Structure formats: C-alpha cells, structure tokens
Amino acid sequence: MTVANSVSMSQSIAGRYAQAVFDIIKEEGGLDDLARQTDDLQNALDESSEFRDLIASPLYSRAQQGGVISEIAGKMGLSVTLTNTLKLMSQNRRLFVLPQLISRLRELIADARGEVTADVTSAVALTDEQQKRLTQTLAEKSGKKVKLNTRVDEGLIGGMIVKLGSQMIDSSVRSKLASLQNAMKEVG
C-alpha cells in the first residue's frame, strides 16, 4: 500500500466517523460545544506525546486504549456522542485517525457556521491590529467569516504566505528572491 493510499484511507475512515458525530450533535444543537471539544482534543494531542503514542502505537490493547480514552474524555468533559465515538474507534483499532477526525470535524463546523480558516505564515508575529485588518480583508474577498491560524517562520525574511481554501497568496521576500533568481537564470 502506498503512502497516498494510506492517507486517503485514513481520511475516508475519519470522514465517516466525523460526519456521524457532526450530524448527531448538530441535530442536538451542540455545535458550539463540539467546536470547543474539538479544540480541546487537538490541544491534548499537541501537548501530550503520551496521548499521541496511545493513538498510534499497536502495542496498546483495545481495552487499554478504550480505558484511557474513557478517562481522558471524562476529564475533558467530552459529550456522550463524542466519547462513545472515540471508544468505538478504540474498539475498532481506528484511534490512529484521530488527527484527521479533528480536522474533518473542524471543516464541518466551519462550513455549518459559514466560516473559513486562513492559514497565515509570517516572518514576524502579527500584531492584533494586523490580524484584524487581514481578517477583514479576507472576509470581504471570501464573503465568509474568517478565522486565522497564524504561525511564524523567520525563514521567510519578510512578508507572509496566506492560504485560504485552495488559494495561496505568497508575498514573502523569500519567494520574491527565488523568482528574481529564476528570472536571472533565464536572462543569463
């Protein structure tokens, strides 16, 4: 099996679980709680190497994974629907798709709210005013509410890269220098 096939399969598995959770919770009117819980799960994954090991390692039994998931869900205050889904995923040895599940849930929630997420990489941290202006500009262009995911990459030298859906705007100094270098190669 190729890497592309395993990624596609993981996204497919996660997509089915995410759609089921989303549909049930949306019907119950709990999208705001689901959004918070999804963020909490992502933070737990980001902060805990033990949690990442638990969902990825085949060394843990189904029972061990299920027990730890129940404990984590209880401490995090996850909904019954989300908790039961995570338990089912552990029983079916599907916890390894948790990052894709979180990603897909975020997409479904954003779509239901009429939101879009823009990934912004800048050479220096953006000020609150810069983030506000960028959010407003992107909202005007997309016609949706925009949520920014920002990160700093000092290798850009200056400027920023903005990814909004399938569009990418690269105004970084690094890319401009690369373009200039390519143009000089063609001349010489």
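Modeller: With a relative accessible area of 26%, R93 counts as partly exposed (the class between buried, under 20%, and exposed, over 50%, with a 1.4 Å probe and protein chains only). Its phi is positive, about 60°, although R93 is not a glycine. The model is predicted, so to speak of local features requires pLDDT of at least 70 and of side-chain atom pairs pLDDT 80 or more, while totals for chains, interfaces and linings use all residues. Residues are numbered from 1 along each chain as its sequence is written, and side-chain values use heavy atoms, without hydrogens or water.

R93 sits in the loop between α5 and α6 (helices are DSSP runs of H or I with at least four residues, strands runs of E with at least two, numbered from the N terminus). Beyond its neighbours within four places in sequence, L101 is in contact with A14, Y17, A18, L86 and M89 (heavy atoms within 4.5 Å).

The whole structure holds 7 salt bridges (a side-chain nitrogen of Lys or Arg within 4 Å of a carboxyl oxygen of Asp or Glu). In one of them R113 pairs with D32, with 2.6 Å between the closest N and O atoms. R113 belongs to helix α6 and D32 to helix α2, so this pair ties together parts 81 residues apart in sequence. R113 is partly exposed, at 30%, whereas D32 is exposed, at 55%. D40 and R36 also form a salt bridge, at 3.1 Å from N to O; they are 4 residues apart in helix α2, and therefore about one helical turn separates them.

Elsewhere, I157 likewise has a positive phi, about 70°, without being a glycine. I157 lies in the loop between β2 (145-152) and β3 (160-164) and is exposed, with a relative accessible area of 57%. A salt bridge joins the side chains of D153 and R174 (3.9 Å, N to O). D153 lies in the loop between β2 and β3 and R174 in helix α8 (residues 173-187), so the pair connects parts 21 residues apart in sequence.
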